[in-house]
Amino acid sequence: MANQSKSVELFDAKAIAPFFESKSLAVIGASTDPIKQGGRPVRYSLMSDYNGRVYPINPRADEVQGAKAYASLADVPGRVDCAFIALPAPAVEAAITDCAEKGVRAAVIISAGFAEVGPEGRRHQERITAIAREAGMSLVGPNCMGLMDIRRNFFPTFAPIFGFNGEARPKPGNISLVSQSGAFGAHAYELVRARGAGFSKWVTTGNQCDVEVSDFVAYMADDKSTDVIMVYFEGNRDADKLMAAFRKARENGKPVVLLKAGRSETGVKAAVSHTGSMAGSDAAFDGFCRQFDVHRADTVGELIDISVAAAAGKFPSRPRAGLVSISGGAGALMADYCDELGLAVPPLPKPAQAKLMKLFPFGSALNPIDPTALWGQDMSVLSASMETLLKEGGHDTVVLFGSTIGINEFNRVRFEEHIIPLREKYPNPLMVLSLLGAPELIQKWRDKGFLIYEDARRAIEVTAALAKFAPIVAGSRKFPARPRVPENLKIKPGRTFNEADAMGALQKAGIKFVRRRLATSRKAAQDAGARLGFPVVAKIASAEILHKSEIGGVALGLENKRAVGEAYDGLLGRAKRAAPKAALDGVLIAKQISGGVETILGVNNDPGLGPVVMFGMGGIFVEVYKDVAFRAAPFSKAEARAMIAEVAGHAVLKGVRGQAPSDLGALVDALHNLSLFAAANKDTIASIDINPFVVMAKGKGAIGLDALIEPK
């Protein structure tokens, strides 16, 4: 695609490849004890079929776990591609220097005691990063648990994922994980394994002194053995790289399922102290995930369940579901969940309903289908209901609530006699079961191709997520190209803005504002009012007074020259008393506007995402309901439309109670142009506020009545 090549420019696949494609691994700080952190990667390599050389580095041992040991990295004969460093923090800098002199291409630093512990640790981390970059060496960590390429049996990690007697070896799969937390990565590994799935690649990034989550996501997006990318995320430094990585995954048809820490203020502090990450606004990150079709999970269970389900490779062709339930109440709940999560539940055609009603005359054959308690006598009513949804209802997704069928032996056997043949007859549709059963039974049915969950809501959540992923995986959805940011929108660093300046700068970017004049005398203000046409508004103009209303710096409804003159004198007087040291640029006289629908446009420079554009409806919608949407800048007009549709109050713009529809096209243009301006000035502007931004009737445009630009 057009913007895919641009995404690739931000990433160097050759810098990431040694972490997975190395033919030699040096374990610096190798231990003779296979349980210790420095002993595990040696043990894992010796137990597996790694097609490469392993060099334990230990100056106090001739051999480590049966492998020849070396006193130093310099003593290793030949080339070393990757190093695993398991040393106390003070010794890491010397080890990195040795790696640089040896020509090592990549190093994994598991040691803690760097940026996560404070300023001195950060300075230490910066020194080792500088040494590595000078040598052209990539680093993962520090403060991580390492990584692994399970398909290549490459295990530079100390994660407890390997049986020490040869059992429970990592199972290859098509999920790849990148986690900023090592312990979470190990936890996710076990949860995925317990569900019968496996990983292709598994990475923990820790403090991300060099290589970030985005680098690995981009690499996995191109990896042929990766079909699903799972992410545990805390924060990042480079917003452009993060956007490009997720854009690349989407364009390459790879579903991304992400869990982020830092929703609350306490969570943000914990994330920062954990890996030294930069964590920004949670609401902004939500908008970012929607923007790039990343599924943001709310819980660990949701992260695992949706990733494993996506890895199974069955996706609905349409966002709709056929529901069957042995409980009328559970069927109603599932229908509610579908409505909430964007899945249609269309009724069966009349002939199909009539056919089923002959099997259970006192049930319901709509959708959800409820065969009543008859299923206890004849399990065929369940399989017949599912088959009717598939064959005559046009569904390729069926969800069955079976409750305790898997626990009662008598019911289980009879259910299997019908459900397994149905699966074999229809191998392609997505069949989801919500029921209870022993772990071995659940795994048996999963192996047959069913997705199984105890909770009916989780069953619907997974189905809805797969439906959203379907067009991405199929390549049938066209994604808007990343807009080009015009160079002429850039403003000079350090420039300050009064309101007139802010309106002027934004108007040059294509955002329309009310007609206005900046007056520096009483007479000029009166003449401006007359030329603009009464009534007008008067506002104090000063780059040092950002919140004018708080000091009485705004006068509304001025109907004549006398009122304008009095307002001019009064505004200047109040401003001088409230802010005696502030430089006053005059008074802004603007035409007073009536009618239209008030909205709010804004920009905030998020520490992790860069400039983020906000849109919301005016009045109580934003003040009380916090009904707003966010997108990372820049974005297309199509994304602006999606952003508007996310706001619940946007229905007002379509026209309600006899009001004419608003000019949505003008609003879309304004949001798009604001995103370009914000992106162009990401290094110079901290925030932008356009409030109110009034959207007039269709065909009559949209105009800003107030503007504030706060420089960095």
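A disulfide is taken here as a pair of cysteine sulfur atoms within 2.5 Å. In this predicted model, the count under that rule comes to 0 disulfides. Cys 82 is in no disulfide, the nearest cysteine sulfur being that of Cys 99 at 8.9 Å. Cys 82 counts as buried because its relative accessibility is 0%. Cys 144 is likewise in no disulfide, and the nearest cysteine sulfur to it, that of Cys 209, is 9.1 Å away. With a relative accessibility of 5%, Cys 144 also counts as buried.

The protein comprises 712 residues, of which 57% count as buried. Its secondary structure consists of 24 helices and 27 strands, and the C-alpha trace spans about 95 × 80 × 40 Å along its principal axes. Among contacts with a sequence separation of 6 or more, 71% are between residues 24 or more positions apart. The mean pLDDT is 92, and 94% of the residues reach 70 or more. Two segments can be set against these values. Over residues 1-8, pLDDT stays under 50, and the model has 15 contacts beyond four places in sequence for this segment. Over residues 266-279, pLDDT also stays under 50, with 34 contacts beyond four places in sequence. Where pLDDT is low, predicted coordinates should not be read in detail.

The structure holds 5 cavities of 30 Å³ or more. The largest cavity contains about 100 Å³ of space. Its lining is made up of Arg 247, Arg 250, Gln 291, Phe 292, Pro 480, Ala 481, Arg 482, Pro 483, Pro 634, Phe 635, Ser 636 and Glu 639. By class, these lining residues divide into 6 nonpolar, 2 polar and 4 charged. The second largest cavity has a volume of about 80 Å³. Residues lining the second largest cavity include Phe 497, Asn 498, Glu 499, Ile 540, Ala 541, Ser 542, Ile 545 and Leu 546, together with Lys 548, Ala 707, Leu 708 and Ile 709. Strands β19 (536-541) and β27 (708-711) each supply at least two residues of this lining. The lining of the second largest cavity has 8 nonpolar, 2 polar and 2 charged residues.

Individual buried positions illustrate how separate parts of the chain are brought into contact. Met 145 is placed in the loop between β7 (138-140) and β8 (147-149), and counts as buried because its relative accessibility is 11%. Beyond its neighbours within four places in sequence, Met 145 is in contact with Ile 110, Thr 157, Phe 158, Ala 159, Pro 160, Gly 182, Ala 183, Ala 186, Trp 202 and Thr 204. Met 145 and Gly 185 are 40 residues apart along the chain, and their C-alpha atoms are separated by 8.2 Å.

Phe 199 is found in strand β10 (residues 199-204) and counts as buried, with a relative accessibility of 1%. Apart from neighbours within four places in sequence, the contacts of Phe 199 include Ile 150, Lys 171, Pro 172, Ile 175, Leu 177, Tyr 189, Val 192 and Met 230. A separation of 10.0 Å is found between the C-alpha atoms of Phe 199 and Val 308, residues 109 apart along the chain.

Ser 31 lies in the loop between β1 (24-28) and α4 (40-47). Its relative accessible area is 13%, and Ser 31 is therefore buried. Leaving aside neighbours within four places in sequence, Ser 31 is in contact with Lys 36, Gly 38, Gly 39, Val 64 and Gln 65.

Most residues other than glycine have a negative phi, and most peptide bonds are trans. Gln 65, although not a glycine, has a positive phi of about 55°. Asp 293 also has a positive phi, near 55°; Asp 293 is placed in the loop between α11 (282-291) and β13 (295-297) and counts as buried at 19% relative accessibility. A cis peptide bond joins Asn 367 and Pro 368, with omega about 15°, and Pro 368 is in the loop between α14 (350-357) and α15 (380-391). Another cis peptide bond, with omega about 0°, joins Phe 534 and Pro 535. Pro 535 is placed in the loop between α20 (522-532) and β19.

Methods. Residues are numbered from 1 along each chain as its sequence is written. This is a predicted model: local features need pLDDT of at least 70, side-chain atom pairs count only at pLDDT 80 or more; totals for chains, interfaces and linings use all residues. Side-chain values use heavy atoms; hydrogens and water are left out. On a 1 Å grid over the protein atoms alone, a cavity is a set of points where a 1.4 Å probe fits but cannot get out, and a pocket is an open set with protein on both sides within 12 Å along at least five of seven lines; lining residues have an atom within 4 Å of a point. Grid points are joined across faces, edges and corners, and a volume is the space filled by probe spheres set on the points. Ala, Val, Leu, Ile, Met, Phe, Trp, Tyr, Cys and Pro count as nonpolar, Asp, Glu, Lys and Arg as charged, and the others, Gly among them, as polar. Helices (H or I, at least four residues) and strands (E, at least two) are DSSP runs, numbered from the N terminus. Buried means under 20% relative accessible area, exposed over 50%, partly exposed in between (1.4 Å probe, protein chains only). pLDDT is the predictor's confidence in each residue, from 0 to 100. Contact means heavy atoms within 4.5 Å.
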